[in-house]
Amino acid sequence: MTIRQKKKPTQDSGGMKQFKKGANRGKKRRSVPPIQCMEQNVQRYIVGQDEAVRKIITAIYRAIYLKSIKTNILVIGKSGTGKTETLKQIAKRLRIPYTIEDATKYTKEGYYGGDVEDMLENLLEAADYDLEKAQKGMIIIDEIDKKAGKDSRDVSGVEVLKSLLKIIEGAEYYLESDEMFDTKNLIIVFCGAFSGIEKIKKKRLGKNQIGFNTLHESDEKQTGYTKEDLIQYGLPEEFVGRIDTIVEMKQLAKEDLVQILKKSQLSIFRRYQRELREAGISLQYNGKIFEEIAAKSLKLDTGARELSNTVNYIFEDILYNVMAHPGKYSKCTLSLEIVEDNTKYQLS
Ligand SMILES: Nc1ncnc2c1ncn2[C@@H]1O[C@H](COP(=O)(O)OP(=O)(O)OP(=O)(O)O)[C@@H](O)[C@H]1O
Ligand SMILES: [Mg+2]
């Protein structure tokens, strides 16, 4: 098998010097947006996760600028807290190709059979078969906690994690197309809910606070999850050792969901409002409706994910009537009860 000569990187190869003011001046290449602009932009979409967003962006920017440092990130957060969405938003703005892989799909045998190569093939496809671009891409591996010892659904879970070490350390792979894929500049992000891990942290903090009866909220906030917590949870030591950034997405409260509905660029409520406006219909409602929607959505344990179901339900009957009578209506008034009964509105 012939090893192809690798092309020299053409983009972003400036390392630290890119931090210097004006390093990009006059150059035609598309530059990476300043980190604070990236943060502000992502915050227009992702609500209530400012600390986590900043941490993820910092780690990804480090991967872009400091090529000699391998970046492997672990994001801990319950369903619907914005893990995947945050990564997608950042990748989109940086034009980084990415692939989302489900760790539960892989078995130890599968790995040795070539599943890591599958991930790389998927990434290459996402990069429109531009190898150079793919090698600087991002692999998001979801549900990694399901492969941890104590929560493992298959006995080979830990073995799968160990077999992932090669890719997270940086290795070269031959693809089916006979091309060599170098993983050393890949950004690898593991995601998982890690349910129950908060108990491990609490216990640790409790131990460290002998002599104090209460654990202050602020202390707890400052102290995120540690590698020891992850090892306790059942992730293999050699795996945890290669994680350099641990990020925690907090569970979203009712007020966060209200803010998502009102302000986020991802707000599905705002999207319906816009669509109706484009059809010539102005939407009237009591601002309290956002609290009602948030409260109903919170009943399920899927965070902000449930908002779209709740809002879709609200507009189902309205949309039918609007589409059945094009041009007939110019105003739609929602009653607060529409959250539970989607016939509670008036079209005029
Ligand atoms: N913090 C947030 N701010 C705004 N919208 C959010 C937030 N979190 C989730 N959402 C909304 O919920 C949807 C699902 O979120 P996302 O896919 O990021 O969840 P997740 O944390 O990856 O959950 P899972 O563990 O189930 O994969 C998003 O597409 C977005 O519309
Ligand atoms: Mg996800």
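Trainee: Which residues in the largest nonpolar core touch the most other members?

Mentor: Keep in mind that this is a predicted model. The largest nonpolar core has 80 residues, and Ile56, Ile188, Val189 and Leu261 touch the most other members. Helix H2 gives the most to this core, with eight residues.

Trainee: Let's zoom in on Val189. What does it touch?

Mentor: Leaving aside residues up to four places away in sequence, Val189 touches Ile73, Val75, Leu87, Met138 and Ile140.

Trainee: You also named Leu261. Which residues of helix H12 are buried?

Mentor: H12 covers residues 254-263, and its buried residues are Asp256, Leu257, Val258, Ile260 and Leu261. They pack against three helices: H13 (268-278), H14 (289-298) and H15 (305-324).

Trainee: Okay, stepping back. How many helices and strands are there in the protein?

Mentor: The protein has 15 helices and 10 strands. Of its 348 residues, 32% are buried. Looking at contacts with a separation of 6 or more, 73% are between residues 24 or more positions apart.

Trainee: Now the ligand. Which residues are closest to ligand 1?

Mentor: Ser79, Gly82, Thr84, Glu85 and Ala304 are the closest, out of 20 residues that surround ligand 1. By class, that shell has seven nonpolar, 10 polar and three charged residues.

Trainee: Which helix gives the most to the shell?

Mentor: Helix H3, residues 83-94, with three residues. As for domains, the shell draws at least three residues from each of domain 1 and domain 2.

Trainee: Switching to strands: how do E8 and E9 run, parallel or antiparallel?

Mentor: E8 (residues 282-284) and E9 (residues 331-334) run parallel, joined by three bridges. Leu283 stands opposite Cys332 in E9.

Trainee: And what about E9 and E10?

Mentor: Strand E10 (residues 345-347) pairs with E9 in the antiparallel sense, over three bridges. Cys332 comes up again here, with Leu347 as its bridge partner in E10.

Trainee: I was also curious about phi. What is it for Glu143 and Phe194?

Mentor: Phi of Glu143 is near 55°, a positive value in a residue other than glycine. For Phe194, phi is near 45°, again a positive value in a residue other than glycine. Glu143 is in the loop between strand E3 (138-142) and helix H6 (157-163), while Phe194 is in the loop between strand E6 (187-192) and helix H8 (197-208).

Trainee: Is Phe194 buried or exposed?

Mentor: Phe194 is buried, because 25 other C-beta atoms lie within 10 Å. Glu143 counts as partly exposed, because it has 15 other C-beta atoms within 10 Å.

Trainee: One more. Where is Lys67?

Mentor: Lys67 sits in the loop between helix H2 (50-65) and strand E1 (71-76). With 18 other C-beta atoms within 10 Å, Lys67 is partly exposed. Lys67 and Asn185 are 118 residues apart in sequence, yet their C-alpha atoms are 6.7 Å apart in space.

Trainee: Great, thanks for walking me through it!

Technical notes:
Residues numbered from 1 in each chain as written. Chains lettered and ligands numbered in written order. Predicted model: local features only at pLDDT ≥ 70, side-chain atom pairs only at ≥ 80, totals over all residues. Near = placed C-beta within 6 Å. Helix = DSSP H or I, 4+ residues; strand = E, 2+ residues; numbered from the N terminus. Nonpolar A, V, L, I, M, F, W, Y, C, P; charged D, E, K, R; others polar. Domains from an automatic or database assignment. Buried ≥ 20, exposed ≤ 12 C-beta atoms within 10 Å, placed from the backbone. Contact = placed C-beta atoms within 7 Å. Pairing = 2+ DSSP bridges. Core = buried A, V, L, I, M, F, W, Y, C linked by C-beta atoms within 7 Å.
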